[in-house]
Protein chains: 2
Amino acid sequence: MEFTFMKRTVFFISDGTGITAANLGHSLLTQFESVEFDEVTIPNVNNVAKAEQARARIQEAYAHDQAHPLVFTTLINSEISAIIAKSPGMVFDFFKTFIGPLEEALKVKSSHHVGLTHGLQNYHNYMVRINAVNYALANDDGINHKEFDRADFILVGVSRCGKTPTCLYLALHFGLFAANYPFTEEDIADMQIPKFLRPFQNKLYGLTINAERLASIRQERRPNSKYASLPQCRHEVHEVENLFKREHISYLDTTTLSIEEIAAELVERSGIKRRVY
Amino acid sequence: MEFTFMKRTVFFISDGTGITAANLGHSLLTQFESVEFDEVTIPNVNNVAKAEQARARIQEAYAHDQAHPLVFTTLINSEISAIIAKSPGMVFDFFKTFIGPLEEALKVKSSHHVGLTHGLQNYHNYMVRINAVNYALANDDGINHKEFDRADFILVGVSRCGKTPTCLYLALHFGLFAANYPFTEEDIADMQIPKFLRPFQNKLYGLTINAERLASIRQERRPNSKYASLPQCRHEVHEVENLFKREHISYLDTTTLSIEEIAAELVERSGIKRRVY
């Protein structure tokens, strides 16, 4: 064969969940669109035996790919990172690279404790997130509006524009209380803010979406229904966007946004600080 | 005043959501437990005007704290990062630090496209996550077990041991289909695997929790109920753990684990690959 294009194997190796390593690593790799990556996360590498196992997996990938695997690590323990460093992988060590300069900047030694990132830092943080998730579930999709006074955000918009996943993301990641209310056909027929939402107008954020996109999302849910038809979607989006403008409700178009982008933008606009990291 | 301990202000600055910068930055800062940090995320810094605004906020924090703020960035555009570099912040540039070495390792130039990390990379990925979230919601808490054949994971355990947030996390972050079933009092009285779960035994993962911890979580939900009482919690946990052992159901104790850790551990044990990044 003249030219063999092999996938490049990538390892995210951590003494914790591997989520931080995978996030930054993957995000760097998105800058190399022409390369295909096979991504493998190895969490809980917190002793010598597991480090040797990880090293063996890198070795295997190297033998198979005939190319040096990329290895992104968040490892606190230097004995463990030394074992990974002896592998045939090209190692990008996210902690070691920055801990030294940070120690200098802060004039404090780092604690070198494992598992602080996504560990259960304290019961309080855990309960904040759990309570926020429970709140989001109990106040999803207009099923309940008795607790809207406790909301940080009340998302409004047409059905299937991204409200539910955004509320869950705000709860899980930021510990924020997010309720949502989908405008019903009835609301849209006589488009105004439902009475029970009036007292909370300062917490309302609108989501909207391109009608074609909405139709295709609804199509997956209820194929060939009026609900999923393009004229219906166009009508709803048009009415709801007019309402947002008329009532000066801050809104954003989710058509080309990811859940993370919608959530980050809402937090930025509201000025509300996330409750947990 | 002899000694003034000021909080250190920290900025996470990005042309995207800022989530990657905040994740790695915060995770590095957890290694400095003796310092108190005031963390601020500035997303969408994608033009010169916004970069100058961000620079002004760093300047203000510097004037206020009388200490150099820490600045963690994920910025693709070098004109923008140059503006931030001129601020009085101590800048830790996550992209610039690694993109060069990665280009060398891959022998490919990076694309320098903004917003690829948490952007809506494609409709397919978005739909995988949304469908997984819908699945988790429709198959939460035993409300439905007609779709268990489509599950990647079916989490079982006592009520309030962490099943729901774990399922939502698996859906939102990994695009995995996770259902859950809480053992009811009736199940526990005659502890065995409910019949409708038998065909899916290879997908069952147990969660358990320390009885004292469980009682305090339940106490927040239904204060002073039998449900939240310590003897009841002890009984349920004991019976359910025995079932896990007897039936060889892989299980983990969530008492000291975060949602991320539970999710990462389940993925690791199952060998199932995440569907999205």
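Leaving aside neighbours within four places in sequence, which residues is B:Leu204 in contact with? They are B:Ile154, B:Val156, B:Ile193, B:Leu197, B:Ile249 and B:Ser250, where contact means heavy atoms within 4.5 Å.

## Basis of the model

This is a predicted model, in which local features need pLDDT of at least 70 and side-chain atom pairs count only at pLDDT 80 or more, while totals for chains, interfaces and linings use all residues. Residues are numbered from 1 along each chain as its sequence is written, chains are lettered from A and ligands numbered from 1 in the order in which they are written, and side-chain values use heavy atoms, with hydrogens and water left out.

## Chain A as a whole

Chain A contains 10 helices and 8 strands. Helices (H or I, at least four residues) and strands (E, at least two) are DSSP runs, numbered from the N terminus. The radius of gyration of chain A is 24 Å, well over the 19 Å that the globule rule gives for 277 residues, so the chain is more spread out than a compact globule. That radius is taken over C-alpha atoms, and the globule rule is 2.2 Å times the number of residues to the power 0.38. The C-alpha trace of chain A spans about 70 × 55 × 30 Å along its principal axes.

Of the 277 residues in chain A, 58% are buried. Buried means under 20% relative accessible area, exposed over 50%, and partly exposed in between (1.4 Å probe, protein chains only). Among contacts in chain A between residues at least 6 apart in sequence, 70% join residues at least 24 apart.

## Where the two chains meet

The contact takes 89 residues from chain B and 89 residues from chain A. Between them the chains bury about 8,000 Å², 65% of it on carbon and sulfur atoms. Buried area here is the accessible area (1.4 Å probe) that two parts lose on being put together, summed over both. In chain B, the residues that lose the most area to chain A are B:Gln31, B:Phe32 and B:Tyr277, together 9% of what that side buries.

B:Ile217 lies in helix α8 (residues 211-221) of chain B and counts as buried at 6% relative accessibility. Not counting residues up to four places away in sequence, B:Ile217 touches A:Tyr123, A:Tyr126 and A:Met127, as well as B:Arg160 and B:Ile209.

## Buried residues of chain B

B:Leu204 belongs to strand β7 (residues 204-208) of chain B and is buried at 3% relative accessibility. From C-alpha to C-alpha, B:Leu204 and B:Met191 are 16 Å apart in space and 13 residues apart in sequence.

B:Thr254 sits in the loop between β8 (251-253) and α10 (259-270) of chain B. This residue is buried as well, with a relative accessible area of 2%. Residues up to four places away in sequence not counted, B:Thr254 touches B:Cys161, B:Leu207, B:Thr208, B:Ile209 and B:Ile262.

## Two positive phi values

Most residues other than glycine have a negative phi. B:Lys107 has a positive phi, near 55°; B:Lys107 is in the loop between α4 (94-106) and α5 (123-138) of chain B and is exposed, with a relative accessible area of 72%.

B:Arg160 is not a glycine, yet its phi is positive at about 75°. B:Arg160 is placed in the loop between β5 (153-157) and α6 (163-174) of chain B and counts as partly exposed at 23% relative accessibility.
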